[in-house]
Amino acid sequence: MNSSKHTELANHAWSVADLLRGDYKQSDYGKVILPFTVLRRLECVLAPTKEKVLEVAARYQDQDINPDRFLRKASGHSFYNTSTYTLKAIAGDPSHAAKYLGEYYGAFSPNAREVLERYDFAQQIKRLDAANLLYQVIGRFADLDLRPVERDADGNVVLGEDSKPVEIVTNHQMGYIFEELIRRFAEQSNETAGEHFTPREVIRLMVNLLVAPDSDALALPGTVRTVMDPACGTGGMLSAAEEHITALNPDATVKVFGQELNAESWAICRSDMMIKGQDPENIKYGNSFSHDGHTGASFDYLLANPPFGVEWKKVKDAVEDEHERLGESGRFAAGLPRINDGSLLFLQHMISKMKPVDASGSGGSRIAIVFNGSPLFTGAAESGESRIRQWILENDWLEGIVALPDQLFYNTGISTYFWVLSNRKARDRRGKVVLLDARDYWRKMRKSLGDKRKELDEQHISEITRLYTEALAVIDAAEKDGGHDLADRAGKIKVFRNEDFGYRRITVERPLKLRFEVTEETLAAITASKPIARATNVEEFTAALRPLVGKSWTTKSDAWIDLKDAIVAAGLTWPTGAPFGKALREAVGVRDPEGEEQKVKGQPEPDPELRDYENVPLEEDVEEYLRREVLPHVPDAWIDHSKTKIGYEIPFTRHFYVYKPPRPLAEIDAELKSLEAEIQALLGEVTK
């Protein structure tokens, strides 16, 4: 199917919006269009075996036997419909359209009926019927030709000149139509960025990177592979993975599994899997965090494009309970990210479903996931995000990260990254991570689609795949070069050791230095101090010190002698207790680089206002770092080792930053003068 035919069919389905306008909000159009598209596709797929299914249904009608497996066999699919109705026939009887459509929809096999129920289809039938729109909508979809192959009047498959069936709408092409409708629905609903589906070319690249290192193994006879997507949306990634593997080996068996929270997307994915002969029961509905639909299962390949920056507040209790109660036996033992971004929860969930590697080196899994930039570096040392990155790197699961161009996705223009993980790295890749900068591989779209203004063509996909796979093949060259750059990769690839992403977050302290004085501001601070007020009559205390206004001291001991004398002279008692002493020093003391160094138990007291933090590479000696980077500027600094924290981050952009010197001022000045001359010339023409 060419792109114009794909667009034509999507436009036909979406034209129902013209009928709905006024009775439905724009954001609700998809609630009608999507389930009717699914219904029509199922009808077209089942049409050739409809009579056979009806015969089997009639045969078992009065028997005490569940005919489900016989009906599936008769339909040739994992689903069926035992009604004599068709959409075209129902549309021809407007007065009974709601009744007949309800019966038709209810005659589907339970797995297909559940798909439509997720769309709240029965409620949409009632709503459309009440608005006198139902028969019109049914009629519009009855005219939508979604047949998989062309058939003659007798129901026989029409063959082309190559003796192959003449295809009308293949499963793959149906996926494009679904995605186009979902995209329009998402735009109308102003959905969260990237929540529903991923552009096809992005999926192809992702699957390439996921599967490419295994191409030889996948070509072996009898190959069986399982693929799982915990945020499967409409199933695009699962379909692409299946297609890629079967392209490498047509005899390979690929079983797909998924889970999806959005009801409409789940319904489309499940119906798509039914149409393709996959087991629809493998596509679970619900939140992967709180209700894992594949508990205890493991898979060969896992891939996902989870929603960017979406909070996990709704499942907070379930996630925290698993984290605390199950620990290492649960999915989230490594740590919990901040509540407003569950990206790294998805990754932990996927890692928990990797197949173990046995003693012979067999088994294991590969993971590919799409992230925005946040999971690379968000979170300070020992935060949830940092602990998760540390856990991944220390277990040597991260194989590589690929930076993609911005504006690749329909509903967001932000930059994105592929993370590729594996628990079966080749020997020479162990302990190393590939970073590939592919941000320059794109072409501008002739027409923008939402926020998507850039796309990857086949050449881009091939080149990025080649760069990545070749980097894996020659990764040991990085050590031979004595650095991280692979010189023959034009600066697009760098290779790092796992520990290169670790750092110590050290706390650099400097001594508190004070001089002491009594001013009107000092007295006001004493009056406002709660600790002083609790220790004495603050009005009397302040009055006793007023004669000292204007006096200053260089040491605390001298200041305290005069302050105590003033208090005693006024007939008051000098309070005791650490809170009082600290509060009085805060009021009387003034920070001064030349002031007296304050001590605590004979050691310099740190000044919180001068406290600084430094990230020191994990393998570097922190004291040596202090001597080299800090002490030449502040000789009295020291490290408080009790506050040192371990952190991990992947500062991708920093590693590929290329300094560009500013343009010469003379060049900028000349350009401004040239522009000014052009503007004057244009103004002159306007005023003629």
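Colleague: How many salt bridges does the structure hold?
Modeller: The structure holds 54 salt bridges, where a salt bridge is a side-chain nitrogen of Lys or Arg within 4 Å of a carboxyl oxygen of Asp or Glu. Please keep in mind that this is a predicted model, in which local features need pLDDT of at least 70 and side-chain atom pairs count only at pLDDT 80 or more, while totals for chains, interfaces and linings use all residues. Residues are numbered from 1 along each chain as its sequence is written, and side-chain values use heavy atoms, with hydrogens and water left out.

Colleague: OK, what does Asp 321 form a salt bridge with?
Modeller: Asp 321 pairs with Arg 325, and the closest N and O atoms are 3.0 Å apart. Both residues belong to helix α16 (residues 316-325), where they sit 4 residues apart, about one turn of the helix; helices here are DSSP runs of H or I with at least four residues, strands are runs of E with at least two, and both are numbered from the N terminus.

Colleague: And is Arg 325 buried or exposed?
Modeller: Arg 325 is exposed, because its relative accessible area is 57%, whereas Asp 321 is partly exposed at 36%. The cut-offs are under 20% relative accessible area for buried and over 50% for exposed, with partly exposed in between (1.4 Å probe, protein chains only).

Colleague: Which residue does Arg 338 form a salt bridge with?
Modeller: That partner is Glu 385, with the closest N and O atoms 2.9 Å apart. This pair links distant parts of the chain, since Arg 338 is in the loop between α16 and α17 and Glu 385 is in helix α19 (residues 384-394), 47 residues apart. Arg 338 is partly exposed, with a relative accessible area of 40%, but Glu 385 counts as buried at 6%.

Colleague: Switching topic, what order do the strands of the open sheet have?
Modeller: The open sheet has 9 strands in the order β3-β2-β1-β4-β5-β7-β6-β8-β11, and its pairing is mixed. At the edges are β3 (283-285) and β11 (493-497), each of which pairs on one side only; two strands pair if DSSP finds at least two bridges between them.

Colleague: How many bridges join β1 to β2?
Modeller: There are 6 bridges between β1 (residues 224-229) and β2 (residues 253-260), and these two strands run parallel. For Asp 229, the bridge partner in β2 is Gly 258.

Colleague: Where is Lys 353 found?
Modeller: Lys 353 is in the loop between α17 (343-351) and β5 (366-372), and it counts as buried because its relative accessibility is 2%. Leaving aside neighbours within four places in sequence, its contacts (heavy atoms within 4.5 Å) include Met 228, Asp 292, Phe 299 and Ser 365.

Colleague: Last one, which residues of helix α9 are buried?
Modeller: In α9 (residues 121-130), the buried residues are Phe 121, Gln 124, Ile 125 and Leu 128. They are on the same side of α9 because they cover an arc of only 105° around the axis, the arc being that of the directions from the helix axis to the C-beta atoms.

Colleague: What covers the buried residues of α9?
Modeller: The cover includes α2 (16-20), α3 (29-46), α7 (97-106), α8 (110-118) and α10 (134-142). On the face turned away from that buried side, α9 carries the exposed residues Lys 126 and Ala 130.
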